[in-house]
Amino acid sequence: MAAKILPVVKLATKVTIAGGAIYVAYDSGLLGDGKEGSVTLGRAKAAIPPAVEEWVKYFGFELPATPKIEFSPLDAWNSGVQKSIHALSIAPSTVSDYTKQGLQYVKDLTK
Amino acid sequence: MSEKELGQKWDRCLADCAVKFGTGLGLGIVFSVVFFKRRTWPIVFGTGLGLGMAYSNCQNDLRSHYVLQSKVAKEQ
């Protein structure tokens with residue numbers, strides 16, 4: 001009797017765990033619109049530091065302080081784009097200047 | 001669409017991509033462990049689903065500015 005029920009119980013437990021995971025994901029807005037997704041990301045970012053602090057207190061050891069990285073990928077990307085486009089826009093005049101200088105240098109050498 | 005609005009849409013797209021990638025990965029891992037004996041393909045499948053959902057949301061969000069939207073008046 002028990003041997004027959006056990007596989008059913010195992011399957012029911014697995015389905016409950018998987019279904020519960022999907023429900024939690026759906027309920028917290030992770031599977032919704034883009035706007036809900038960014039709201040959830042903001043909430044998660046706000047919730048992580050207190051959660052980490054609680055776990056650290058529970059386990060009783062101190063994590064090393066996270067170094068503050070003052071690097072903004074957005075600013076780096078934007079400045080990279082601006083510098084590349086600026087370089088492309090002045091490239092023809094720069095090349096012509098260098099060509100003139102080179103020709104002048106060669107003329108001076110042949111004098 | 002103004003540049004500011006477009007920038008905000010792209011920011012939302014990237015955030016949504018990260019969220020859906022993580023969700024797909026997590027659910028893929030759960031399914032892989034629970035049903036599929038820790039094989040890799042459910043994880044890859046879940047991640048792919050998440051990225052696909054993010055792509056679709058992003059596409060709808062970027063196109064929404066140009067799509068005519070009608071509002072049906074509620075019957076009082």
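UniProt, in an unreviewed entry, lists residues 18-36 of chain B as "transmembrane region". Such annotations may be inferred rather than shown by experiment.

A word on the source. This is a predicted model, where local features need pLDDT of at least 70, side-chain atom pairs count only at pLDDT 80 or more, and totals for chains, interfaces and linings use all residues. Residues are numbered from 1 along each chain, chains are lettered from A in the order written, and side-chain values use heavy atoms, without hydrogens or water.

Back to residues 18-36 of chain B. That span is 89% helix and 0% strand, and its end C-alpha atoms lie 25 Å apart. Helices here are DSSP runs of H or I, at least four residues; strands are runs of E, at least two.

Now the packing. Helix α1 of chain A, residues 2-27, packs against helix α1 of chain B, residues 3-34. The angle is about 175°, and the axes are 10 Å apart. So α1(A) is roughly antiparallel to α1(B) (angles over 145 degrees, on a scale from 0 to 180).

Who touches whom? From α1(A): A:K14, A:I17, A:A18, A:A21, A:I22 and A:A25. From α1(B): B:T23, B:L27, B:V30, B:F31 and B:V34. Contact means heavy atoms within 4.5 Å. The residues of this contact divide into nine nonpolar, one polar and one charged.

Last, chain A overall. Chain A has three helices and zero strands. Of its 111 residues, 7% are buried, meaning under 20% relative accessible area with a 1.4 Å probe.

Methods: Angles under 35 degrees count as roughly parallel, over 145 as roughly antiparallel, 65 to 115 as roughly perpendicular and the rest as oblique. Ala, Val, Leu, Ile, Met, Phe, Trp, Tyr, Cys and Pro count as nonpolar, Asp, Glu, Lys and Arg as charged, and the others, Gly among them, as polar. Buried means under 20% relative accessible area, exposed over 50%, partly exposed in between (1.4 Å probe, protein chains only).
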